[in-house]
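I opened the model to look up a few local features and wrote down what I found. The entries follow in the order I made them.

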Amino acid sequence: MVRPVTTVNVIPNLPQQLSRLHDLAYNLRWAWDHETVLLFRRLDPDLWVATGRNPVWMLGLVSQERLNAVCDDPAFLVHYNRVLQSLDNYMSTTNTWFKQHYGHLQNPPTIAYFSMEFGITECLQNYSGGLGVLSGDHLKSASDLGLPLVGVGLLYQEGYFQQYLNADGYQQENYPINDYGNMPVTLQRAADGDPIKISVPMPGRDLYAQIWKVQVGRVALYLLDSNIPDNRLEEDRNLTDRLYGGDRRTRIRQEVLMGIGGVRALEALGLRPSITHMNEGHSAFLALERIRLLMVEQGLNFYQAKEIVAASNIFTTHTPVPAGLERFGFDLIDEHFTGYYRALGISRDEFLNLGRENMGDYQLFSMAVLALRVSSGANGVAQLHGMVSRRMWQWIFPNVPEQEVPIQAVTNGVHALTWVSPEMSQLLDRYLDPAWRTEETRQDVWDGVYQIPDAELWRTHERRRERLVAFARERLRTQLERRGAPKHEIEEAEEVLNPDALTIGFARRFATYKRATLLMRDLDRLKSILHDPQRPVQIIFAGKAHPHDQAGKEFIRRIVNIARDPDLRNSLVFLENYDMRIARSLVQGVDVWLNTPQRPKEASGTSGMKVIYNGGLNCSILDGWWAEGFTPAVGWAIGNGEEYADSDSEQQDYIESEALYNLLEQDIIPMFYNRSRDGLPREWIAKMKASMRILGPYFNTRRMVQEYTDMYYMPSYQRTAEMTLPTLEKGLKFYNWRSGVEKAWSGVRVRKVEPSATQAHVGAEIEVTAVVHLGPLTPSDVQVQLYYGKLNTRGEISTGGTAIEMKPQNSKTENGEYTFKAKVRYNTSGERGLSVRVLPKHDLLPTSFVPGLITWA
């Protein structure tokens, strides 16, 4: 290898008339605008496919003759100008949702959204799966809504791996190098033309990174890249090679770069976020850097700065099982943070306490615990996942009832325009209010699906199924050729699948809890389902296992080898190298989307949401989003939401596979093939319409980002502004108040609780009196609550207890005690329990449930 002395960036030589093709290629709004995609495809259809739908690379390859030819093509120029006008209108629109709702703010916030991966389009391989695609959809909807938001992450030279299968069907990994010069990314440069760089501390040295920008509609995404000559060590240059690659040392260094380096990158770009959103705990180190900056600039100590910074941090957890959390040994923390925590003015133990998690007979530093301790708001990604998260993290909030642990839920969604097929979008344009494209959360808009003639909806869906079958055949043939399969097997790929058969899709990360092989527990029964000549069924699988997940790889190998069975070859297919391109084809063409996780291990799942907008139907375990989305009108549930211990997984698999077979044989397949005289499956179509009408307005990222804005971003911004503007006076007063409350809390006791009666008739009121010792605190510092509810079999107030505020009745007694009273009315009979609790109270507290600050009678 020869190291160059300098580099030259060669760019396409576009005719002046077509110069703004560059603007269209570098703004990834084209990823959700069918007209722009059609324009690039029209320019050179073969190159569009050959470059993996990458317009930047395509513009560098298209011949000068072709460019000159389209300059003389009036139809192309009309199309080109129409697309340009659409982009310009989109970018210049000021009457956005955010402007309508928060335009009154004199100083609108800057929201920074940090994520380890971003899946925006397949030509930017910076994602592995659902987390990244969700992050990409979050940015797209933030753009549509006009949010003042930027994204922050890492740019991976090798991205996530490319999957291929060996002759035995075992997953292999390939890591092609990304050529940034042919990707829709732009290196950020200073006024003198030099790249803008930042550094973060590493053991014995600094690590340097440059910054790339990806334009996602109105939103900028900034990605850090350490592969630069400033880093003399190869391990430093290679740090951003692979997403989720390397060992634990590589991982912590990536997260230092994303968290600490991400904040420094925004500073270098002149962007100081008012709000930071940590999408999973990978970026939690960002809070420490924000604290350090405030300490340096305002002369604060660590705890003063932490109180103020935490008010503007939001944390979203996506992990419903403890084993999936990001944790590091204390040795790695010592290696990478000894100098840093000294700069923060805290001890090693104080630093470790920020993320300390007991693992039984040892402890680790948990990124999720750190994120929870330095945030003012936290949420799961579905209602069920919120419940699971509250249970999982209750230990951080001792003595707080599980249902009141301050972790809420914002159910995930998908960006509808990214995932709806061109054919379906044209159909919706004809029959729905045009607002379905820009206000997809409106129920009245989706009521319009009942105006679509059954025949038109079915024909549109059948066309997409036909396209899916053609796509699958082409992909299967290509992967067989690459694998060196026999000629007859390659030729047979042209005949697999049936464009008229009931088509089931299963595509996702091949983690074992997702149980990709559940449908194959009884192969004879599966064969009888797939081989009914009158009612054929076919299944298309796709998905990657993590390179270190041997069990997940074994699932793939088993499916591929089962698919080689002569009885199944034409009706069961596994497509290699699952990415957003394959995902789009599947969700736009399948009849049924299958999901079989072990409840409650699926945090949300979003793949099934994507079929909603294409007329597909879901059949799933009641887990993740489907636990709240399911009704019999819109799809099918496998089981009734039962949960099993890990030790009962074999029994669970048997019961739920039987339930799935029964659903297919007795409900799904008969309904699909029950045709009226005109050949239409009327009952099925009614279910398609109900799914679109009921689920369409809710399970989209427009609603999701609106909820994040209304529930988290803006309340946090307003609270932070109150603490810091025009000075830090209120913030420091709040810190002093909280410090005083924490010091005095050990003296808070509920001395006495007296109900006016121990027996009452239904409808009668009981007055409860409590005597509370507050020490140096006053009733204005606390809220005293009466807590009551039904008793469980252990004599405890069961989940779902109710709390009401008790009113102070007197001034402080000589003993430092106050009397509080409240009345409760019981509207049903039975044995009831009641208690009294004391919580801190302050206008700037984001929640009353502060770890360690709750006292019960």
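I began at the start of α24, where a side-chain oxygen of D579 comes within 3.1 Å of the backbone nitrogen of R581. Helices here are DSSP runs of H or I with at least four residues, strands are runs of E with at least two, and both are numbered from the N terminus. The model is predicted: local features need pLDDT of at least 70, side-chain atom pairs count only at pLDDT 80 or more, and totals for chains, interfaces and linings use all residues. Residues are numbered from 1 along each chain as its sequence is written, and side-chain values use heavy atoms, with hydrogens and water left out.

I then checked burial along α24 (residues 580–589). Nine of its ten residues are buried, so the helix is largely enclosed by the rest of the structure. Among them are M580, R584 and Q588. Buried means under 20% relative accessible area, exposed over 50%, and partly exposed in between (1.4 Å probe, protein chains only).

Next I looked up E602, in the loop between β19 (592–595) and α25 (607–612). Is E602 buried or exposed? E602 is buried, at a relative accessible area of 6%. I listed what E602 touches, leaving out residues up to four places away in sequence: P320, Y513, K514, N595, P597, D623 and G624. Contact means heavy atoms within 4.5 Å. The E602 side chain makes polar contacts with the side chains of Y513 (3.4 Å) and K514 (2.7 Å). A polar contact is a pair of N or O atoms within 3.5 Å; within protein, one must be able to donate a hydrogen and the other to accept it, and residues adjacent in sequence count only if both atoms are side-chain atoms. I also noted that E602 and H318 are 284 residues apart in sequence and 9.0 Å apart in space, C-alpha to C-alpha.

I turned to helix packing. The axes of α20 (residues 454–483) and α28 (residues 682–695) are 10 Å apart, at an angle of about 85°. That makes α20 roughly perpendicular to α28, a label for angles of 65 to 115 degrees. D454, L457, W458 and H461 of α20 meet R682, W684, I685, M688 and K689 of α28.

Last, I searched for disulfides, meaning pairs of cysteine sulfur atoms within 2.5 Å, and the structure holds zero. I looked at two cysteines: C71 is buried at 12% relative accessible area, and C123 is buried at 10%.

Notes
Axes fitted to C-alpha atoms, helices over the stretch in contact; angles between N-to-C directions. Parallel < 35°, antiparallel > 145°, perpendicular 65-115°, else oblique.
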